[in-house]
Amino acid sequence: QGEQRARILSHAKPKQQVKKKSHKFSDHLKKIKINVFRSVDKTIAMDPGLYSEGVQSYFQDSFEKYLSINSTEDFHKFAVEVRRMITSLPLLLFHKEDVWNILIKHLTKPNSIAVDALLDLLTCLARDLLDEFYPFFLDTLRIVVDLIDLKNSKRIEQCFVCIGYMFKFLRK
């Protein structure tokens, strides 16, 4: 048995070191797949519930989600400014310009670490406002395009997802 083991070990190939695979930036960009038309929330489309009654908004739901998971100072400052204006869809519609201005102010703040959450909230605002978002659309598009950092693939993806969803929600 010992002889057989020695023969097996002598014929075994030496262990190769596992190299950590570093991905090139261009490879990461190629892997990004954005398909806003396939990721519709079917539960809301089939049974809109509170959304159809004007009680809640997509913006408010996402805002509440980010309040619990985003503890950055940048997001907290945004939350303090906007919280009282978004407690219902009718209130959000009434304060739409103020909410948009606050959102854009915080989105364009240099070196903000809350950009991902704010971009998501921007798409939710477009979804809630629908046709009433059109006056803000061109400026919003320019701002989101300006946020694209060609050295940051995650930021590129976030911006394109935001733009894609805005087009989806605002198409007629």
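**Confidence and helix packing in the predicted model**

The protein has an average pLDDT of 80, with 67% of the residues scoring at least 70, where pLDDT is the predictor's confidence in each residue, from 0 to 100. This is a predicted model, in which local features need pLDDT of at least 70, side-chain atom pairs count only at pLDDT 80 or more, and totals for chains, interfaces and linings use all residues. Residues are numbered from 1 along each chain as its sequence is written, and side-chain values use heavy atoms, with hydrogens and water left out.

Where pLDDT is low, the predicted coordinates should not be read in detail.

The axes of helix α8 (residues 115-129) and helix α9 (residues 134-147), which are lines fitted to C-alpha atoms over the stretch in contact, with angles running from 0 to 180 degrees between N-to-C directions, come within 13 Å and cross at roughly 160°. α8 is therefore roughly antiparallel to α9, a term that applies to angles over 145 degrees. In this pair, Val115, Leu119, Leu122 and Leu129 of α8 meet Phe136, Thr140, Val144 and Leu147 of α9.

How values were computed
Helix = DSSP H or I, 4+ residues; strand = E, 2+ residues; numbered from the N terminus. Parallel < 35°, antiparallel > 145°, perpendicular 65-115°, else oblique. Contact = heavy atoms within 4.5 Å.
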